Amino acid sequence: MTERENFIRARDNETDDRYLGTRWVRFHHFDAVEKTENNVRVEARKHDPLADGTKGRSYSGEWLFVDYNATDEYAPLRDEPDLFVKFASLADNDPGTTDGRYDIMLEWIKKYGVLGLYPAGNFGPDLRSEREESLFLFWHEVGRAARCMALYKAATGPPGLLQRSGAPGKTLAEKRKWAETTLFDEVGSTLRRECFPKLFDLYSQVREDSGETTDVGLGWGFRSLLGAMYLQMAWRITSRRCAAPGCNNIIGLDKRSDAETCHRNCKERRRYHRNKEAAKLSATSHEATAPLN
Ligand SMILES: [Zn+2]
């Protein structure tokens, strides 16, 4: 099973489709507004259709519709369920040069929008700018997301992977504990900063039969695209996982509620391992109780 499928399953297990509509803006064009040795800051400037030759004119209404630079809005959680994986895997092709990194960042933010790390200025203390990005911070976050994926795989994958991961600790259990704690700290602190519990008014989905209109649900909101991506990772962590050794696939909603494995093969493998463990246990207990003559 691919990671994309795992992330979709995790999302569908952990939340309702009706809470996935929170939107983020994409822009056509970014200008470099500040350059230093290690960093470039870019901004999607507003392209005002009334700015040319219409001095003194004013208008009201939604800013997005009067900004020619805005491509559209999309719902990351609904439309790009594995965005966290896509973002983290940028680290695999990190060119290491400023120019190379700049090109990759620009392609990404045109496709999915900026990460949302800058405050939005006067609009409110909690809002993040959807127009600004920093090359340095972007790649810092790529590295952090890649580390989270590696920690997750080490904590949930086969023992060999954990052994090679460089996690501190004498035993496998200690190493796994460390990988889990470190991952939970990273994901948890990002959720606290970038996401918030949100009441969704589902008024528009009025039930025909009863005419009921007070349908409200509790889901998650996000302040930044980074927050949306870490929600995806949180769902991946919390969702029901296959219990076969070394398998970290998510068990989908189509499986029985008491299913413990993701597939028939995993079920067989798990049974085999359990029988082997049981045989080992009974062998050692026989030794211990054998007469000492
Ligand atoms: Zn499995």
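## Helix 5 against the sheet

Helix 5 (residues 135–156) lies across strand 3 and strand 5, at about 70 degrees to strand 5. Helices (H or I, at least four residues) and strands (E, at least two) are DSSP runs, numbered from the N terminus. Angles run from 0 to 180 degrees between N-to-C directions, and axes are lines fitted to C-alpha atoms, for helices over the stretch in contact. Two residues are in contact if their C-beta atoms, placed from the backbone, lie within 7 Å.

## Model and chain

This is a predicted model, in which local features need pLDDT of at least 70 and side-chain atom pairs count only at pLDDT 80 or more, while totals for chains, interfaces and linings use all residues. Residues are numbered from 1 along each chain as its sequence is written.

The protein chain holds nine helices and seven strands. Of its 293 residues, 26% count as buried (20 or more other C-beta atoms within 10 Å of the residue's own, with C-beta atoms placed from the backbone). Among contacts in the protein chain with a separation of 6 or more, 62% join residues 24 or more positions apart.

Three strands, in the order 2-3-5, make up an open sheet with antiparallel pairing. Strand 2 (31–35) and strand 5 (132–134) are the edge strands, each pairing on one side only. From one strand to the next, the twist averages 25 degrees. Two strands count as paired if DSSP finds at least two bridges between them.

Strand 3 (residues 40–43) pairs with strand 5 in the antiparallel sense over three bridges. Glu43 has Glu132 as its bridge partner in strand 5.

## Helix 5 and helix 7

The axes of helix 5 and helix 7 (residues 172–194) come within 9 Å and cross at roughly 145 degrees. Helix 5 contributes Arg144, Cys148, Leu151, Tyr152, Ala154 and Ala155 to the contact, and helix 7 contributes Arg176, Ala179, Glu180, Thr182, Leu183, Glu186 and Val187. These residues divide into eight nonpolar, one polar and four charged (Ala, Val, Leu, Ile, Met, Phe, Trp, Tyr, Cys and Pro count as nonpolar, Asp, Glu, Lys and Arg as charged, and the others, Gly among them, as polar).

## Surroundings of helix 7

Helix 7 has 23 residues and spans 33 Å from its first C-alpha to its last, close to the expected 33 Å (1.5 Å times one less than its number of residues). Its buried residues are Lys175, Ala179, Leu183, Val187, Thr190 and Glu194. They pack against helix 5, helix 6 (159–164), strand 6 (195–201), strand 7 (216–222) and helix 8 (225–238).

Conventions
A residue is buried if 20 or more other C-beta atoms lie within 10 Å of its own, exposed if 12 or fewer, and partly exposed in between; C-beta atoms are placed from the backbone.
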